[in-house]
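The tour moves from one selection to the next.

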Amino acid sequence: ALCGADAGAQARAPPPGVMSRASGKQRVCYFYDSDIGNYYYGQGHPMKPHRIRMAHNLLLNYGLYKKMEIYRPSPATFDELRKFHSDEYMRFLRHITPDNMGEYTKQMQRFNVGEDCPVFEGLYQFCQASSGGSIGGAVKLNKGTSDIAINWAGGLHHAKKSEASGFCYANDIVLAILELLKHHRRVLYIDIDIHHGDGV
């Protein structure tokens with residue numbers, strides 16, 4: 001999750017349905033792609049995107065959705081992804097599938113795709129959805145229409161510029177930080193994962 005607010009920002013009326021800071025309630029935007037839970041890393045793999053769907057269902061069942069604006073993220077474009085990642089690496093992710101991975105043996109080794117970071121159906125679309133939510137959240141923060149942005153499909157902090165790592169292929173966090181830096185001099189990144197966010 002990303003959060004931010006400019007202390008010196010001018011007060012303006014929030015859009016309909018969004019709570020204002022003056023009321024003491026923070027405006028929360030939440031990004032969720034209903035297809036995210038369909039991606040499958042493979043039998044026995046600890047990364048299970050269906051958990052994102054489970055978290056979403058909890059949010060619905062507890063009525064938390066009433067306290068936030070929910071958006072379906074726009075998929076991150078190739079150009080957006082390459083603001084951090086190399087062109088060659090993104091082209092590789094865009095083209096590789098379980099059916100053609102035999103043709104990409106050298107590139108799989110080079111880009112660290114294999115056991116921890118397997119090739120699965122819709123891999124590139126998964127990267128687009130995950131990154132799109134975090135970029136979208138950063139845009140909302142930059143525009144001042146939200147105080148808090150949530151993207152449970154994000155947080156893929158191990159992905160490097162030209163390498164997958166630790167179940168992560170595209171680093172949505174870096175992409176969101178780059179978006180925030182368009183309007184803010186500095187961004188404080190706090191990672192609460194037990195593992196080091198080495199890609200950030």
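Start by selecting Q128. This residue is buried, with a relative accessible area of 16%. Buried means under 20% relative accessible area, exposed means over 50%, and partly exposed lies in between, using a 1.4 Å probe and protein chains only. Q128 sits in helix α5. Show its surroundings, leaving aside neighbours within four places in sequence: Q128 is in contact with S74, P75, A76 and L81. Contact here means heavy atoms within 4.5 Å.

Before going on, a note on the model. It is predicted; local features need pLDDT of at least 70, side-chain atom pairs count only at pLDDT 80 or more, and totals for chains, interfaces and linings use all residues. Residues are numbered from 1 along each chain as its sequence is written, and side-chain values use heavy atoms, with hydrogens and water left out.

**The whole chain**

Zoom out and colour by secondary structure. The chain has six helices and four strands. Helices are DSSP runs of H or I with at least four residues, strands are runs of E with at least two, and both are numbered from the N terminus. Of the 200 residues in the chain, 44% are buried. Take the contacts between residues at least 6 apart in sequence: 70% of them join residues at least 24 apart.

Is Y124 buried or exposed? It is buried, with a relative accessible area of 5%. Not counting residues up to four places away in sequence, Y124 touches T77, F78, L81, M90, L93 and R94. L81 is also among the contacts of Q128. Now draw a C-alpha to C-alpha distance from Y124 to A170: they are 46 residues apart in sequence and 8.9 Å apart in space.

**α3 against α5**

Select helix α3, residues 87-95. Its axis and that of α5 come within 6 Å and cross at roughly 120°. Axes are lines fitted to C-alpha atoms, for helices over the stretch in contact, and angles run from 0 to 180 degrees between N-to-C directions. The two helices are therefore oblique to each other. Angles under 35 degrees count as roughly parallel, over 145 as roughly antiparallel, 65 to 115 as roughly perpendicular, and the rest as oblique. Show side chains at the contact: M90, L93 and R94 of α3 meet L123, Y124 and C127 of α5. By class, that contact has five nonpolar residues, no polar ones and one charged. Ala, Val, Leu, Ile, Met, Phe, Trp, Tyr, Cys and Pro count as nonpolar, Asp, Glu, Lys and Arg as charged, and the others, Gly among them, as polar.

**α6 against α5**

Next, select α5 (residues 123-143) with α6 (residues 172-180). Their axes come within 8 Å and cross at roughly 25°. α5 and α6 are therefore roughly parallel to each other. Which residues meet here? S130, S131, S134, I135, A138, V139, L141 and N142 in α5 meet D172, L175, A176, E179 and L180 in α6. They divide into seven nonpolar, four polar and two charged. Stay on α6: eight of its nine residues are buried, including I173, V174 and I177.

**Cysteines**

Select the cysteines. How many disulfides does a search of the whole structure find? It finds zero; a disulfide is a pair of cysteine sulfur atoms within 2.5 Å. For C127, the nearest cysteine sulfur is that of C168, 9.6 Å away. C127 is buried at 2% relative accessibility. C29 is buried too, with a relative accessible area of 0%.

**Two loop residues**

Most residues other than glycine have a negative phi. Select N112, in the loop between α4 and α5. Its phi is near 60°, a positive value in a residue other than glycine. N112 is partly exposed, with a relative accessible area of 36%. Then select F167, in the loop between β4 (148-150) and α6. The phi of F167 is near 75°, again positive. F167 is partly exposed, at 24%.

**Last stop: Q107**

Finish at Q107 in helix α4 (residues 105-110). Q107 is partly exposed, with a relative accessible area of 29%. Its C-alpha atom and that of I96, 11 residues apart along the chain, are separated by 9.8 Å.
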